[in-house]
Amino acid sequence: FLCLFFIFFRFFVFIYIYLYFFFSFFFFLMIRRPPRSTLSSSSAASDVYKRQVSDGKAWFISQTDYEMNEKFDRYGFNTELISKLDFQTRVEWFRHQLGRSVQPGHLDVAVHRENIFQDSVVCISAQDKSRLLSSVKVVFEGETKLLNDASGIKKSWMDMLSKYIFGESGLFEYDEENEEYKIDRTARYKLSNFEAGGKKYNHLELLTFVGRLLGKVLFDGERLPLHLSQSIYKALLQQETQLEDVGPRRG
């Protein structure tokens, strides 16, 4: 009888201890959640999240997003107002807009090293806007796997691709006098027979691909070590190009 008593006693003690730690951990997680009925800064959690209410609906927003929204929402996309801000604030606004546009998931880019330009053209040109706003995962066919990409493979892909585009692609030429790249005036003829993935692309479609690629570089907060001509920057900003934009500027 005593043996059975001690067996049941140890069993109930074990259950008690298990439930004690389980519910202690559960309630610890609960108190770490942001408060649902107050914006008071007295809670440590409210330093991380803010409760927002609109049209009878409530949701939580991170403290960082809350502060950025408070700072920049009044500007919206009014470029005239934004252009009057100092450079560092404009950069902060730009990154804030990009951060709000990131889409879930990732874009898979599979290329062959020896055919990197053609494979990249096919892959990037076929994507819609939402896919380009997600993260990129790159695979070199026969060399790497998708799970191996810890941004190093993506950087290698970007470096190789940019060197080809601004080197032997025929789309751009280097202006040694101004130390910048400009669109090759003969690209239309050099690339008249360009084909990738069983489809022909003209020089304007290839330039559109380059624009998408450069946009993706900016969106991901990365850089390319090159300088484009002022006429290209004006075209991207939809500004009128002047004669002095295409001539020498160093004297």
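A few ground rules come before the tour. Because the model is predicted, local features need pLDDT of at least 70 and side-chain atom pairs count only at pLDDT 80 or more, while totals for chains, interfaces and linings use all residues. Residues are numbered from 1 along each chain as its sequence is written, and side-chain values use heavy atoms, with hydrogens and water left out.

Let's start with the whole chain. Its secondary structure comes to ten helices and eight strands. Here helices (H or I, at least four residues) and strands (E, at least two) are DSSP runs, numbered from the N terminus. Of the 251 residues in the chain, 32% are buried. Buried means under 20% relative accessible area, exposed means over 50%, and partly exposed lies in between (1.4 Å probe, protein chains only). A contact means heavy atoms within 4.5 Å. Among contacts with a separation of 6 or more, 51% are between residues 24 or more positions apart.

Now for the pockets. On a 1 Å grid over the protein atoms alone, a pocket is an open set of points where a 1.4 Å probe fits, with protein on both sides within 12 Å along at least five of seven lines; a set from which the probe cannot get out is called a cavity instead, and lining residues have an atom within 4 Å of a point. Grid points are joined across faces, edges and corners, and a volume is the space filled by probe spheres set on the points.

The largest pocket has a volume of about 1900 Å³. It is lined by 36 residues, and the closest to its centre are Phe94, Leu214, Gly215, Leu218 and Phe219. Helices H3 (79-82), H4 (87-101), H6 (129-132), H9 (203-219) and H10 (230-236) each supply at least two lining residues. The largest share, ten residues, comes from H4. What kinds of residue make up this lining? There are 19 nonpolar, ten polar and seven charged residues. In this sorting, Ala, Val, Leu, Ile, Met, Phe, Trp, Tyr, Cys and Pro count as nonpolar, Asp, Glu, Lys and Arg as charged, and the others, Gly among them, as polar.

The second largest pocket has a volume of about 260 Å³. Thirteen residues line this pocket, and Phe172, Ile183, Leu207, Ile232 and Leu236 are the closest to its centre. H9 and H10 are the elements that give two or more residues to this lining, and H9 gives the most, with six.

Next come the salt bridges, of which the structure holds seven. A salt bridge is a side-chain nitrogen of Lys or Arg within 4 Å of a carboxyl oxygen of Asp or Glu. Lysine 154 forms one with aspartate 220, with the closest N and O atoms 2.7 Å apart. This pair links distant parts of the chain, 66 residues apart: lysine 154 is in helix H7 (residues 152-165) and aspartate 220 is in the loop between H9 and H10. Lysine 154 counts as buried at 10% relative accessibility, whereas aspartate 220 is partly exposed at 27%.

Lysine 154 also pairs with glutamate 222, where the closest N and O atoms are 3.2 Å apart. Glutamate 222 is partly exposed, with a relative accessible area of 30%. Aspartate 220 has another partner too, lysine 216, at 3.3 Å from N to O. Lysine 216 is buried, with a relative accessible area of 8%. Through shared partners, these salt bridges join Lys154, Lys216, Asp220 and Glu222 into one network.

Glutamine 127 is in the loop between helix H5 (116-125) and H6. Is this residue buried or exposed? At 17% relative accessibility, glutamine 127 counts as buried. Its side chain reaches the backbone oxygen of cysteine 123 at 3.0 Å. Leaving aside residues up to four places away in sequence, glutamine 127 touches Leu107, Leu132 and Arg212.

Glutamate 179 sits in the loop between strand S5 (172-175) and strand S6 (180-183). Most residues other than glycine have a negative phi. Glutamate 179, however, has a positive phi, near 55°. At 43% relative accessibility, glutamate 179 counts as partly exposed.

Key: Polar contact = N/O pair within 3.5 Å; in protein donor to acceptor, adjacent residues only side chain to side chain.
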